[in-house]
Amino acid sequence: MEKIMIITGASRGIGAATALKAAEQGYIVCINYLRDHDAANTIVRKIHGKNGKALAICADVSQEAEVEKLFQTVDDKFGRVNALVNNVGILEQKIRLDQMTMSRLNKIFTTNITSHFLCAREAVKRMSTQYGGNGGTIVNVSSAASRLGSAGEYIDYAASKGAIDTLTIGLAREVANEGIRVNCVRPGFIYTDIHASGGEPNRVDRIKDQIPMKRGGTPEEVANTILWLLSDEATYVTGTFIDVAGGR
Ligand SMILES: NC(=O)c1ccc[n+]([C@@H]2O[C@H](COP(=O)([O-])OP(=O)(O)OC[C@H]3O[C@@H](n4cnc5c(N)ncnc54)[C@H](OP(=O)(O)O)[C@@H]3O)[C@@H](O)[C@H]2O)c1
């Protein structure tokens, strides 16, 4: 059976690293992104350069119609998806909760929570044995922030990741007997562009001395964990979390 993966938010950072490694492991990789067409297509070209199969698909996964179109495109091009990496996630500028606007809260919650629910819904309809599927695996990308709360910086982001932790537990139990495993990784401080969106591109270097391992992580280290959870090495693992956070 072909291994067909959708990764949301995969034009850069953790999603892109996961796409490159997944292709090396024989997955057909569907690289979702929002704006950066060139970056997404660069990942596709790298995969094609190594004789892998990949497709970049632009879709705002916080919007129901675009999620449905994303999954339909994959159905039409490759067949039923059997691996989903719910990776998309955004940060806004660092502020206290008493300054947060409604539009900011809506943007964070729809992008970081609703998107994961919508993509999981479409994946379950294709993977579940109840729908005639052959099973599959889902990995949600949460954050150490769900445990730590991000006080004074972005409690909205941290709380959105708390929702992803709960989604993982609930969905894993809901579909455990339908051939689907659902797990979660919780990265700590990883060198990607997400910190620039929070207004501090060099955040990882500023904070690294507070991390027990005294360094930030790489997108590849998170990707390795995601791929292990998706793999046949983890067939009895569901509803659980791996912190990839250097001991933090
Ligand atoms: N980096 C860290 O330190 C860290 C720590 C803990 C957890 N995480 C989590 O890890 C995940 C990946 O983070 P990252 O640091 O790799 O992020 P990143 O480098 O900022 O990349 C974000 C990706 O999401 C895409 N995207 C944004 N909004 C989208 C939308 N509405 N629909 C579709 N795609 C969208 C972007 O596409 P475009 O390029 O087209 O805009 C980009 O590919 C996130 O869930 C994040 O919360 C990261």
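**Figure 1. Overall view of the protein chain.** Buried residues account for 45% of the 248 residues in the protein chain. The model shown here and in the views that follow is predicted. Nine helices and seven strands make up its secondary structure. The C-alpha trace spans about 45 × 40 × 35 Å along its principal axes. A compact globule of 248 residues would have a radius of gyration near 18 Å, and the 17 Å of the protein chain agrees with that. Among contacts with a separation of 6 or more, 71% join residues 24 or more positions apart.

**Figure 2. The largest nonpolar core.** This core holds 71 residues. Met5, Ala19, Val29, Ile31, Ile43 and Ile226 have the most contacts inside it. Helix H4, residues 102-127, supplies the largest share of the core, eight residues. In soluble globular proteins, nonpolar side chains tend to be buried together. For Met5, the residues touched beyond four places in sequence are Ala22, Tyr27, Ile28, Val29, Cys30, Ala83 and Val85.

**Figure 3. Strand E1 and its pairing with E2.** Strand E1 covers residues 4-7 and is covered on both faces. Ile4 and Ile6 lie on one side, Met5 and Ile7 lie on the other, and all of them are buried. E1 and E2 run parallel and are joined by four bridges. Within E2, Ile28 is the bridge partner of Ile4.

**Figure 4. The shell around the ligand.** The ligand has 30 residues around it, and Gly9, Gly13, Gly89, Thr192 and Ile194 come nearest. Helix H1 (13-24) and strand E2 (28-33) are the elements that give two or more residues to this shell. H1 gives the most, with three residues. Sorted by class, the shell has 13 nonpolar, twelve polar and five charged residues.

**Figure 5. Ile180 in strand E6.** Strand E6 runs over residues 180-187 and includes Ile180. Ile180 is buried because 25 other C-beta atoms lie within 10 Å, where 20 or more are required. Beyond its neighbours within four places in sequence, Ile180 is in contact with Val124, Met127, Ser128, Gly135, Gly136, Thr137, Ile138 and Val175. The C-alpha atom of Ile180 is separated by 8.9 Å from that of Asn82, and the two residues are 98 residues apart along the chain.

**Figure 6. Ser160 in helix H6.** Ser160 is placed in helix H6, which covers residues 155-175. With 26 other C-beta atoms within 10 Å, Ser160 is buried. Leaving aside neighbours within four places in sequence, Ser160 is in contact with Ile108, Phe109, Asn112 and Ile113. From Ser160 to Gln210 the C-alpha separation is 24 Å, for 50 residues along the sequence.

**Figure 7. Two loop residues with positive phi.** Most residues other than glycine have a negative phi. Ser150 has a phi near 55°, a positive value in a residue other than glycine. Ser150 is in the loop between helix H5 (145-148) and helix H6 (155-175). It is partly exposed, with 19 other C-beta atoms within 10 Å. Lys214 also has a positive phi, near 60°. Lys214 lies in the loop between helix H8 (203-207) and helix H9 (219-230). With 10 other C-beta atoms within 10 Å, Lys214 is exposed.

Figure 8. Leu97 counts as exposed because 12 C-beta neighbours lie inside 10 Å, and a residue is exposed at 12 or fewer. Leu97 and Leu118 are 21 residues apart in sequence, and their C-alpha atoms are 27 Å apart in space.

Definitions and conventions. Residues numbered from 1 in each chain as written. Predicted model: local features only at pLDDT ≥ 70, side-chain atom pairs only at ≥ 80, totals over all residues. Rg over C-alpha atoms; globule rule 2.2 N^0.38 Å. Contact = placed C-beta atoms within 7 Å. Core = buried A, V, L, I, M, F, W, Y, C linked by C-beta atoms within 7 Å. Near = placed C-beta within 6 Å. Nonpolar A, V, L, I, M, F, W, Y, C, P; charged D, E, K, R; others polar. Pairing = 2+ DSSP bridges.
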